[in-house]
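Good morning. Please keep the picture in view while I talk.

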Amino acid sequence: MTQATIQGISPASGGIPTQLLAALVNSSDDAIVAESLDGVIASWNPGAMHLYGYTSRQAIGQPMTMLCPAERRGEVADIMTKIKNGERISHYETIRQRKDGTTVPVSVSVSCINDEHGKMIGAASIARDITEQKQAREALARRNDDIERSNQKLTDFTYLVSHDLRSPLRALSYYSTLLTEEYADDLRGNGCGYAERIATVSEQMSVFVENLLRLSQLARANMYLQTVDLSAEVDDIVDDLQREEPGRDVQFIIQRPVQVQADPALIRTVLQNLVGNAWKFTSHRDTALIEFGTTWTADAPVCYYVRDNGAGFDPLYSSKLFQPFQRLHSTSEFPGTGIGLTSVKQIVERHGGHIWAEGKVDEGATMYFTLNVEATNRAAGPAGPAGPAGPAGPAGAAGAVGAVGQVGAAGAVGPTGPAGQPGPAESA
């Protein structure tokens, strides 16, 4: 089909030959339409015919508003007003109407058309069908909603189970203790030992339930961001640990200051778990070393870490570290429930960051975590002393000699003096 020309409307092509420009317009899958200043269609490419269903003969000379649903016809005038004011419309998402009355979501970009003298004589519109992209976004939004609802149901279930299990476990532990204390003489053989084991297991189950409850509460807790000095928090945690075990020889290296925007209570839980783990897993070292600081990483301006020279772990099993109740060391060797790092991961992700670990068996471990880039503020260190004064610069060049002044006016001629006396006569 022969393509209609733009009828005197020629966009500035920067030297592109007219035939090449026309070929580019005709080969585009996008709908490229030129309109006059009064909103009348002046050109129509094959992409427009494919998108809207009108041939060029049917479209050219018609108002642009015929491509808009009734409730959106005011957009054409609004867009043209912005173009006349020097604005450019880029990737504006809207709805357009086809010849058969159906609608299609499009992304529209509009720019002005000037003549060879730079005078605006129309506008060029490029529209792209974004049906697939919009469907994909809607599907993703529905998927995210489904995940959010599933997570909420799981959180609610965990909370209810944890809450409802606490009472019977307390009762089981209480009656087992009574059994061993008041009826020890009536228990035969291994009876006392069995009763003690029931009490011990009940206590362990209570700890697990409390940790599950705490984990569910972390997911439900509101966040209140403010400036937190992580170095000061680590100092407080270290003081608490040293008071609990004053006999240990542990060296701490703490970078100061390290400030972030975070929820104070939640970020303290992160540090308590990470520093507490470093303290625990260095307990078999004669001289333990625990370090807190920051480093650079590719996906965030600041990465925080807690490093120790303790028991470490096999890198092959690092993925288990942040799963609930997964432990890489036996309870007899290092006590714990396997829920701490799961809590840390959840809190870090709620702050828009992520966490990972590196380590080797008997060579220590390092826990790295990041926070949201926009919520991170690493304080600058103190300014260094001023350097010595530099040598004096060379003397400037002498100024130009001033111009010679004008010659003064000649003075007035003085009066004629008296005639001189005649000289003596010559002798003969």
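**From one hairpin to the whole chain**

Start with strands S3 and S4, which form a hairpin with five residues between them; in the turn, Gly 101 has a positive phi of about 95°. Helices and strands here are DSSP runs, numbered from the N terminus, where a helix is H or I with at least four residues and a strand is E with at least two. Before I go on, two remarks on where this comes from. This is a predicted model, in which local features need pLDDT of at least 70 and side-chain atom pairs count only at pLDDT 80 or more, while totals for chains, interfaces and linings use all residues. Residues are numbered from 1 along each chain as its sequence is written, and side-chain values use heavy atoms, with hydrogens and water left out.

How many bridges join S3 and strand S4? Seven, and the pairing of S3 with S4, residues 103-114, is antiparallel. Two strands count as paired if DSSP finds at least two bridges between them. Gln 97 has Thr 103 in S4 as its bridge partner, and the partner of Arg 96 in S4 is Val 104.

His 91 is not a glycine, yet its phi is positive, about 55°. Is His 91 buried or exposed? His 91 counts as exposed because its relative accessibility is 60%. The cut-offs are these: buried means under 20% relative accessible area, exposed over 50%, and partly exposed in between, with a 1.4 Å probe and protein chains only.

Now the sheet around the hairpin. Five strands form an open sheet in the order S2-S1-S5-S4-S3, with antiparallel pairing. Strand S2 (41-44) and strand S3 (89-97) are the edge strands, and each pairs on one side only. On average, neighbouring strands of this sheet are turned by 30° against each other, direction ignored. Helix H4, residues 74-84, packs on the sheet and touches strand S1 (31-36), S3, S4 and strand S5 (120-129); the direction of H4 makes about 160° with that of S3. For such angles, axes are lines fitted to C-alpha atoms, for helices over the stretch in contact, and angles run from 0 to 180 degrees between N-to-C directions. Contact means heavy atoms within 4.5 Å.

Ala 34 has Ser 43 in S2 as its bridge partner. The hairpin of S1 and S2 has four residues between the strands, and there Gly 39 takes a positive phi near 80°.

Next, the nonpolar cores. A nonpolar core is a set of buried Ala, Val, Leu, Ile, Met, Phe, Trp, Tyr and Cys residues joined through side-chain atoms within 4.5 Å. The largest one has 39 residues, and those with the most contacts inside it include Leu 230, Ile 267 and Phe 369. Which helix gives the largest share of this core? Helix H8, residues 264-281, with eight residues. Leaving aside neighbours within four places in sequence, Ile 267 is in contact with Val 228, Leu 230, Ala 262, Phe 369 and Leu 371. Apart from this core lies another, of 26 residues, among them Ala 48, Tyr 54, Met 64 and Ala 123. As background, nonpolar side chains in soluble globular proteins tend to be buried together.

H8 also has a helix partner. The axes of helix H7 (residues 230-244) and H8 come within 10 Å and cross at roughly 45°. H7 is therefore oblique to H8; angles under 35 degrees count as roughly parallel, over 145 as roughly antiparallel, 65 to 115 as roughly perpendicular and the rest as oblique. Among the residues that meet are Leu 230, Val 234 and Leu 241 in H7, and Ile 267, Leu 271 and Trp 279 in H8.

Two loops deserve a mention. Pro 257 sits in the loop between strand S7 (250-254) and strand S8 (259-262), and the peptide bond from Arg 256 to Pro 257 is cis, with omega near -15°. Asp 362 lies in the loop between strand S11 (355-359) and strand S12 (365-369). Phi of Asp 362 is positive, near 65°, and at 53% relative accessibility Asp 362 counts as exposed.

Last, the totals. The protein has nine helices and twelve strands, and buried residues make up 33% of its 428 residues.
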